[in-house]
Amino acid sequence: MQLKLFESEAAIAAAVSGILIRQVQTKPASVLGFATGSSPVKTYDAMVQAYQNGLVSFRDVVTFNLDEYCGLSKTDETSYYAFMQSHLFGRADFQQKNIHFLDGNAVHAEAACAAYRCEIAAAGGIDIQLLGIGTNGHIGFNEPSDSFSDGPFQVHLAQSTKNANGKYFKDGAMPDTALTMGIGDILRARKLLLIATGESKAKAIRAMVKGEVTPLCPASVLQTHSDVTVFLDAQSASLLAEEDLWQRN
Ligand code: GLP
């Protein structure tokens with residue numbers, strides 16, 4: 001696991017978008033896994049900027065998002081699909097036919113999850129998966145539990161997740177469940193980039209980097225992947241020792 005410390009969110013966005021853009025310039029039909037939440041927003045802005053400046057085209061890029069709330073239609077402004085449209089897909093030349101999402105509105109969640117797993121495999125797997133991290137160490141919506149899941153599944157959201165994300169929903173209308181890629185899906189991506197900023201992430205980052213590998217802190221499983229880069233600011237890195245950052249850079 002490579003840990004990188006940055007001075008600002010803008011510097012993180014420049015670094016992460018640079019990696020994603022170079023990937024697409026080298027392989028226009030790259031398969032990219034995207035995340036939602038506040039962590040990747042500036043990275044998406046930088047990707048849009050690069051597209052507008054004519055430095056990159058995303059028309060052949062195939063995308064898979066990590067997760068989606070259950071019971072929201074794609075047109076619901078609080079769905080993760082709508083989030084991706086407004087922050088990235090709708091602002092550049094991504095093609096709808098290349099965009100893949102877990103169907104949180106599916107009548108049969110299990111079938112939707114199985115289909116998603118097949119779609120990822122049929123695309124040849126994910127070249128680069130972008131990740132954030134929850135304050136409880138969740139990645140995607142893999143909440144702390146007693147086992148790691150392999151493929152996509154339906155999850156009951158933890159109370160801490162509802163507290164953190166409730167602000168996006170009117171009158172406590174936040175769904176209780178979501179569909180998410182499993183830990184196995186995330187680990188099968190060939191390269192992982194994780195962004196964490198702010199003090200609220202410091203404990204989760206420490207557990208992810210220094211703690212034992214346990215489903216009680218789902219992000220700790222990233223210790224077992226051979227190509228993970230973690231992008232931190234001073235606050236999210238505040239519970240790590242300086243030597244942790246140096247040794248792993
Ligand atoms: C959300 C998402 C995750 C995201 C995380 C952190 O619940 N399901 O994919 O990485 O929580 O969100 P944020 O970046 O807003 O802190």
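Ala, Val, Leu, Ile, Met, Phe, Trp, Tyr, Cys and Pro count as nonpolar, Asp, Glu, Lys and Arg as charged, and the others, Gly among them, as polar. By these classes, the lining of the largest pocket has nine nonpolar, 15 polar and four charged residues. The model is predicted: local features need pLDDT of at least 70, side-chain atom pairs count only at pLDDT 80 or more, and totals for chains, interfaces and linings use all residues. Residues are numbered from 1 along each chain as its sequence is written, and side-chain values use heavy atoms, without hydrogens and water.

**The pocket**

The ligand takes up the space of the largest pocket. Its lining numbers 28 residues, with Gly37, Ser38, Ile133, Asn165 and Lys201 nearest the centre. Two elements give two or more residues to this lining: β4 (67-69) and α5 (159-165). α5 gives the most, with four residues. Helices (H or I, at least four residues) and strands (E, at least two) are DSSP runs, numbered from the N terminus. A pocket is an open set of points on a 1 Å grid over the protein atoms alone, where a 1.4 Å probe fits, with protein on both sides within 12 Å along at least five of seven lines; lining residues have an atom within 4 Å of a point.

**The ligand**

Around the ligand are 13 residues (a heavy atom within 4 Å). Ser38, Ser39, Asp67, Asn165 and Lys201 come nearest. Polar contacts (N or O pairs within 3.5 Å) reach oxygen atoms of the ligand.

| Residue | N or O atom in | Distance to a ligand oxygen |
|---|---|---|
| Ser38 | backbone | 2.8 Å |
| His138 | side chain | 3.0 Å |
| Asn165 | side chain | 2.8 Å |

The protein covers 93% of the 390 Å² of accessible area (Shrake-Rupley, 1.4 Å probe) that the ligand has on its own.

Terms used:
Polar contact = N/O pair within 3.5 Å; in protein donor to acceptor, adjacent residues only side chain to side chain. Sits in = over half its atoms within 2 Å of the grid points.
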